[in-house]
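This report goes through a single chain, from its overall layout to selected residues. The sequence and structure come first.

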Amino acid sequence: MSSGLFSIDITNHKWICDNLDDPQDLCSHGHVTLRYGSRILAEDDVTTSASALMLMRSLENDHAPNPKGSIQLLPCCGHTMWPQESSNDVLLLGCPSGIDLMRKGDIDAAYAFQFLRF
């Protein structure tokens with residue numbers, strides 16, 4: 001791995017009840033490891049489906065950690081989604097736990113990282 005390469009690895013991908021399909025659980029979960037080069041920046045269990053949505057949103061819009069209300073880039077939970085009538089988007093809500101990082105500027109440029117664990 002390159003010394004400047006940012007990567008996100010997902011392992012132990014599952015439903016909340018491990019391998020049992022729970023019709024009430026609409027989110028996928030897994031263990032996420034964030035790396036910059038060979039250095040592990042953070043790792044935790046997160047809701048991977050909500051994380052994927054938040055990471056896709058960050059491709060077009062900067063994301064800054066906000067401990068007072070916005071959902072994290074890698075949230076522990078993403079248990080509530082409300083369709084937004086004014087767009088094709090959803091309002092995603094979860095618990096206050098998770099891993100957050102700042103994503104700012106051109107996606108091809110070097111990232112400035114600011115990690116918060118709630």
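## Overall layout

A contact here means heavy atoms within 4.5 Å. On that basis, among contacts in the chain between residues at least 6 apart in sequence, 44% join residues at least 24 apart. The model is predicted.

The chain has 118 residues, of which 27% count as buried. Its secondary structure comprises 1 helix and 8 strands, and the order from the N terminus is β-β-β-α-β-β-β-β-β.

In soluble globular proteins, nonpolar side chains tend to be buried together. The largest nonpolar core of this chain has 12 residues: Val 32, Leu 34, Ala 42, Val 46, Ala 50, Met 54, Ile 71, Leu 73, Leu 74, Leu 92, Ile 99 and Leu 101. Two or more of these residues come from each of β2 (29-36), β3 (39-47) and α1 (48-60).

Met 54 is one of the core residues. Leaving aside residues up to four places away in sequence, Met 54 touches His 63, Ile 71, Gln 72, Leu 73 and Leu 92. Ile 71, Leu 73 and Leu 92 also belong to the core.

## Cysteines

How many disulfides does a search of the whole structure find? The search gives 0. For Cys 76, the nearest cysteine sulfur is that of Cys 77, at 3.7 Å, and Cys 76 is in no disulfide. Cys 76 counts as partly exposed because its relative accessibility is 30%.

## The β5-β6 hairpin

Strands β5 (residues 80-83) and β6 (residues 90-93) pair in the antiparallel sense over 4 bridges. The hairpin that joins β5 to β6 passes through 6 residues. Pro 83 has Val 90 as its bridge partner in β6.

Leu 91 is found in strand β6. Its relative accessibility is 38%, so Leu 91 counts as partly exposed. Beyond residues up to four places away in sequence, Leu 91 touches Thr 80, Met 81, Trp 82 and Gln 84. Leu 91 and Thr 80 are 11 residues apart along the chain, and their C-alpha atoms are separated by 7.9 Å.

Asn 12 lies in strand β1 (residues 6-14). Its phi is near 55°, a positive value in a residue other than glycine. Is Asn 12 buried or exposed? Asn 12 is exposed because its relative accessible area is 51%, and the cut-off for exposed is over 50%.

Ser 28 is found in the loop between β1 and β2. With a relative accessible area of 16%, Ser 28 is buried; the cut-off for buried is under 20%. The side chain of Ser 28 makes a polar contact with that of Thr 48, at 2.7 Å. Not counting residues up to four places away in sequence, Ser 28 touches His 13, Lys 14, Trp 15, Val 46, Thr 47, Thr 48 and Ser 49. Among these, Val 46 is a member of the largest nonpolar core.

Notes:
Residues numbered from 1 in each chain as written. Predicted model: local features only at pLDDT ≥ 70, side-chain atom pairs only at ≥ 80, totals over all residues. Heavy atoms only, no water. Core = buried A, V, L, I, M, F, W, Y, C linked by side-chain atoms within 4.5 Å. Buried < 20%, exposed > 50% of the residue type's maximum accessible area, 1.4 Å probe, protein only. Disulfide = S-S within 2.5 Å. Pairing = 2+ DSSP bridges. Polar contact = N/O pair within 3.5 Å; in protein donor to acceptor, adjacent residues only side chain to side chain.
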